[in-house]
Amino acid sequence: MNAIETKNLTKYYGKSRGIIDVNLEVKEGDVFGFIGPNGAGKSTTIRTLLGFIFPDSGKASIFGMDCLKEQAKIKMNVGYLPSEVSYYDDMTVKELLLYSAKFYKKDCSNRINELSEILELDLNKKIDSLSYGNKKKVAVIQSLLHEPKLLILDEPTGGLDPLMQNRFFEILKEENRKGATIFFSSHILSEVQKMCNRVAIVKDGKILKVETIDKLRGEKHRKVMVELKNKDDILAVPGMRNPERNGNNLQFLYSGDINDLLKKLALMEIDNLWLEEPSLEEIFMHYYESKITNALTEFCDR
Amino acid sequence: MTIFLRELKRNRKGFVIWTLCLVLSNVGMMLMYPTFADQSEEYQELMKKFPKEMLEGLGMDKLNFAQILDYFAYIFLYIMLFGAAYAMILGVSIISREENEKTIEFLLAKPVTRNGIITQKIMAVLFYITLFNFIFGVVDFITFEAIKKSDYSMETFMLLHTGFYLLQLTFAAVGLLISVFVTKAKAVYPIAFGAVLGTFFINIASAISDKLANLKYLTPFKYVNPSNIVDKSLIEIEYLAIIFIVIALSVILTYVFYNRKNISV
C-alpha cells in the first residue's frame, strides 16, 4: 500500500493555477522529497492532501483512505509540520503540546520531554515570547509527539540554525528507521539530497519528474565561473552546459568529471575561478530546458 | 471535548467581564426602583410632556414605573442591547479566530472533522450564553425579591428572561454564520455592534412610524420586546417561529458552508 497516492490532482484558485494533474506515489517507508521553487504548488499539494482545501478534480489518498472523506481517521497517523508556524499565543509551549496530544488520546509526555531536550526548547515559555526558530521547534515536536506513520513536512528547516537542523535530520532518520514515511517539501536541493531517497520536482503546478536521489547525485552539477586572462582562449570540456561568455568571463553548468575540467584549466592562464552548487532554478534550466535553450545548447556544444 | 474545554478556557475572561458588567449594571439600576416607585406619579406627569411617538419607540408608553416589572422592562431593553452584542461577538469570533490567528492549520491537522470543530465551538457558545442567563436570572430574582413593593407575575418575569436568552442565541447563531465568511479579527466588533445597534434602531423606527411598521420582522428586539412582554405576558408565536427558524438555518448553513470552505491561511 502506498502512504500517499494522488491521481491527476488539480486545483485552481479562481483562475490562477494551483496544481495541475499531480500524480504521486509515495511508498511506505520512503523519504520522499518534493522540490520546487516558491509558488510551484508544493504547499497547495500538501494542503489538498490534508483536506484544508478541496481539489477541483482528481483524487488523493493517504494509506488507502480517501483524503476527502476520511480526514479525521487519516490524521491519527499523520504529523504535519507547516512552513509558517502560528499557535495560540495565550498558551505556554507545554500547554500547546499537551493540547495537541489530547487529540490523539494517548500519553505523549515522555516523547515531549525527550524531543524538547534534543531540540533544547524550554517548555515553560509562553508561545508569544518565542523567536521564529523556537516556534519552529514547537512545531517539530508537535508534529512528532504522537509518533505518526506519515510525516508531512513543508519547508521544515526554515528558522532552525545549522546545529538544530542536524538534530532535526537525526530525529527524522530515526523516525524513518522505525518505519515512518516522510514527505519532505523544500526548495533547498542540498537538504533534500541529504535526506531523501526519491524526489519529485515540481514547477508551475506540474510534476516535472520523479527521480531517485542516486540518479540526481550521479549527475552532480557544478556552476563554474572562470575569469580568463586571455579573452581569446576557448574552454571546451565534455559535460559543459549552457555556457555564457562575457568578455573574459565564462560561466557554465558542469556535470562531467571534475578532474577533466581541472586539467583543461591548468593549461590556461586564469585570473579567477569559482565553483558553486547551482541553484535549483539552474538545475531546472538544465534538466528541463525548453526547446529554445536546447537548440542553443546544441549550437554551443558544436 | 478537547476543543470544547479549550474554548471554555479561552473565552472565560470575556465571559466573566461581560457577566459582571451586565449583572452589576442591572442590579445597580434596579436599586433605583424604590425611588422611582415612590415618585411614580410625578414621572407619569413628566412623561406626558414627551412626544407620544418617542415613548412608543422606546417602549415606554405602556409602562407604569410604580410596577417593578414595568420599571425592569424599561431598563432591561438596554441590558438586552449589550447582552446581544456579547452573544454576537462570541458567535462571530469563535470560529473565525482560528483563521485570523492562523491556528486553523494546527487544528485541521488533528484527527478531528470540521463538523467536530464546529459542534464543539457551538457547544462552548451555548454553554456560556446559558450560564450567563442563569446567573443573570438568579441575581435578578434575588434583587426583585429584595426590593419589590408588591407581588409581581413570576410568569412574566420568566418570559422576559427567556426572551433575553432567545435574543442572545439568535445573535450568536447569525454571528456564527457570518464568521464563516468574514474571518478578520478587526471585523468582529464592527459586525457585532453594527448588527445589534442596527436592529435596535430598526425596532425603534418600526414602532414610531406606521410606514416602517413591517420592519419589525427584521429585528429580534421586536420579537422579545420587554414592554410588549410585560403588556401581554406572552411572546407571540409568529415571533417565536421566526427566532427558531433563524437559529436553525444559521447553524445548519454554518455547518454546510464550513465543510465546503477552502481554508488556506
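Predicted model: local features only at pLDDT ≥ 70, side-chain atom pairs only at ≥ 80, totals over all residues.
Residues are numbered from 1 along each chain as its sequence is written, chains are lettered from A and ligands numbered from 1 in the order in which they are written, and side-chain values use heavy atoms, with hydrogens and water left out.

**View 1. Here chain B meets chain A.** Chain B brings 26 residues to the contact and chain A brings 24; contact means heavy atoms within 4.5 Å. About 2400 Å² is buried between the two chains, and carbon and sulfur atoms give 58% of it. Buried area is the accessible area (1.4 Å probe) that two parts lose on being put together, summed over both. On the chain B side, look for B:R6, B:F106 and B:P111, which lose the most area to chain A, together 28% of what that side buries.

**View 2. Charged and polar partners join chain B and chain A.** There are 3 salt bridges between the chains, each a side-chain nitrogen of Lys or Arg within 4 Å of a carboxyl oxygen of Asp or Glu. One salt bridge joins B:K9 to A:E95, at 3.7 Å from N to O. Side chains of opposite charge can pair when their charged atoms come close. The interface also holds 13 residue pairs in polar contact, both at pLDDT 80 or more. A polar contact is a pair of N or O atoms within 3.5 Å; within protein, one must be able to donate a hydrogen and the other to accept it, and residues adjacent in sequence count only if both atoms are side-chain atoms. In chain B, α1 (2-10), α7 (104-108) and α13 (237-260) each supply at least two residues of the side that touches chain A, and α1(B) gives the most, with 5 residues. Helices (H or I, at least four residues) and strands (E, at least two) are DSSP runs, numbered from the N terminus.

**View 3. An open sheet of chain A has the strand order β2-β1-β4-β5.** Its 4 strands pair in the antiparallel sense; two strands pair if DSSP finds at least two bridges between them. At the edges are β2 (16-27) and β5 (65-66), each pairing on one side only. Strand β1 (residues 2-13) is joined to β2(A) by 8 bridges, with A:Y12 opposite A:R17 and A:K11 opposite A:I19. These two strands form a hairpin with 2 residues between them, and A:G14 in the turn has a positive phi of about 60°. On to β4(A): 5 bridges join it to β1(A), and A:I4 has A:I62 as its bridge partner.

**View 4. Helix α1(A) lies across β1, β2 and β4 of chain A.** The helix runs at about 65° to β2(A); axes are lines fitted to C-alpha atoms, for helices over the stretch in contact, and angles run from 0 to 180 degrees between N-to-C directions. A:K42 and A:E155 meet through their side chains in a salt bridge of 3.5 Å, N to O. A:K42 sits in α1 (residues 42-49), while A:E155 is in the loop between β7 (150-154) and α6 (162-177), 113 residues apart.

**View 5. Another open sheet of chain A has the strand order β12-β13-β11-β14.** The pairing of its 4 strands is antiparallel, and the edge strands are β12 (240-246) and β14 (270-276). Neighbouring strands are turned by 15° against each other on average, direction ignored. Between β12(A) and β13 (residues 249-254) there are 5 bridges, and A:R241 stands opposite A:L253.
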